[in-house]
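Here's a quick briefing to read with the model open on your screen.

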Amino acid sequence: MKGLRLTIASLIAGAALFTLPVTAAEKPVDLNALLSQIKADSLTESQLNKEREARFLADKNEQANLLAKAKADLAAETARGDQLKASFDANDKQLTELTETLRQRSGNMGEMFGVVRQFAGEFKGIFNASPLRVEYPEQGPLLTKLAESKELPSSGDLEAFWTTILSRMIDAGKVSRIPATVVYGEGSQADKTVTQIGEFNTVADGKYLNFVPETGKFEELSRQPDGKMTSLIAPFEQGGAGLEPIYVDPSRGVILSLLVQSPTLAERIDQGGVVGYVILALGAIGVLIALFCGARLSLIGGAMRKQMKSDAIIKGNPLGEMLAAYQGHKGDNIEDLESKLDEVILRNVPTLEKGVGIIKLIASVAPLLGLLGTVVGMIATFQAITLFGTGDPKLMAGGISEALVTTMQGLVVAVPMLFLYTVVQTQSRRLIQVLEEQSAGFVARYQENLHASKAAA
């Protein structure tokens with residue numbers, strides 16, 4: 001009531017405030033009507049509060065019911081979890097017992113299963129790398145099944161595995177023609193009929209092919225072997241029931257791939273670098289000089305042999321000059337004759353020995369240039385090691401190749417040049433010896449004639 005009185009007093013004060021501006025001519029506010037309105041509003045608000053309290057109590061009861069239901073569900077799920085755990089433990093125990101029973105009953109079958117899986121896995125790897133996989137693609141799924149299976153193989157699978165192994169043994173020793181895809185060096189490919197020689201090699205169109213397991217296709221070797229090997233392919237492909245020879249790689253293409261990767265003569269020479277080309281150029285010059293000297297000495301020797309068979313003077317050879325000096329000598333002074341003959345020999349010796357010293361020089365310099373190339377190659381090798389370390393041998397291969405190739409080139413040039421030098425020098429010394437012998441013969445003949453003339457006088 002006190003609050004109601006304060007409210008009414010406030011309203012009256014507010015009414016008084018709002019009536020302040022009203023003039024005396026306006027009608028005054030009805031306080032009874034205002035009081036009645038306030039009572040009605042208070043009653044309505046009280047009724048709304050009671051409805052709110054009723055709804056709150058109803059919600060509280062509903063929440064209690066939900067809580068009770070949740071607790072019941074939790075208890076039920078806990079009981080179900082305990083039941084499932086007990087069932088799982090029982091199943092696990094039963095599984096262990098059944099596994100042990102299976103192991104005892106399988107006996108040697110378990111060991112056989114392990115052996116089959118092992119050999120099927122190994123045979124699968126060999127089959128995937130073999131070109132016969134193109135001819136028998138149906139064998140791959142069987143080997144995959146046996147190699148990856150976790151169950152005992154059936155008798156049918158074991159029989160099929162045995163049949164596969166037996167067919168591979170038979171096919172490894174026969175020649176067959178099969179359709180396949182051949183990839184060429186420029187990237188193009190074509191479907192061809194290739195000739196498969198067991199598990200060793202594959203040929204087509206007179207060339208050797210290499211099987212690529214990753215793609216299941218054949219690739220033509222970028223570089224074929226030498227002609228004596230490839231010349232037998234065409235007759236072998238065209239051969240009928242007869243026997244035709246052909247080269248076979250027992251390593252299933254590994255040796256053939258390495259063989260075609262070996263450098264050719266031009267590539268080997270190029271590995272020697274600048275020093276190698278200098279050595280070969282000197283060798284070529286030395287051979288030309290040796291041939292020229294040998295031909296010149298042969299011509300001189302032939303002219304001297306003709307002169308030895310004739311008493312007439314033949315011009316253009318040392319022996320003819322010596323005969324002219326002998327015939328042109330006058331008087332009985334034998335020392336003058338010896339001097340004239342020696343002068344002829346000394347004048348012709350440089351001609352006979354011309355070029356021999358250069359051949360000897362080239363034979364001596366070639367190994368030294370090879371040693372120089374070795375030093376240059378080793379310097380390049382150590383520079384590669386300094387920059388990149390020793391992890392990749394290919395980075396050092398260039399310097400090592402230059403070091404070894406130049407040494408080889410130096411020896412290759414020096415050995416024949418030394419042989420040619422010996423031949424030419426022997427030929428030259430023989431001609432000089434002939435001149436010396438003939439000079440001594442002329443002196444002896446002149447001395448005999450001189451003694452004979454004195455005795456006759």
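## Inside, outside and confidence

Let's start with Val116, which sits in helix 3 (residues 108-129). Keep in mind as you look around that this is a predicted model.

**Around Val116**
- Val116 counts as buried because its relative accessible area is 10%, below the 20% cut-off.
- Leaving aside residues up to four places away in sequence, Val116 touches Pro153 and Leu158.
- Leu146 is 30 residues away from Val116 along the chain, yet the C-alpha atoms of the two are separated by 7.2 Å.

**Out on the surface**
- Over in helix 6 (residues 155-171) you'll find Trp162.
- Trp162 is classed as exposed because its relative accessible area is 56%, and the cut-off for that label is over 50%.

- Across the protein, the mean pLDDT is 79, with 87% of residues at 70 or more.
- Among the elements, helix 11 (residues 273-308) has the highest mean pLDDT, at 90.
- At the other end of the scale is helix 1 (residues 2-18), with the lowest mean pLDDT, 41.
- For residues 1-27 the pLDDT is below 50, and this stretch has five contacts in the model beyond near neighbours in sequence.

Technical notes
Residues are numbered from 1 along each chain as its sequence is written. This is a predicted model: local features need pLDDT of at least 70, side-chain atom pairs count only at pLDDT 80 or more; totals for chains, interfaces and linings use all residues. Side-chain values use heavy atoms; hydrogens and water are left out. pLDDT is the predictor's confidence in each residue, from 0 to 100. Helices (H or I, at least four residues) and strands (E, at least two) are DSSP runs, numbered from the N terminus. Contact means heavy atoms within 4.5 Å. Buried means under 20% relative accessible area, exposed over 50%, partly exposed in between (1.4 Å probe, protein chains only).
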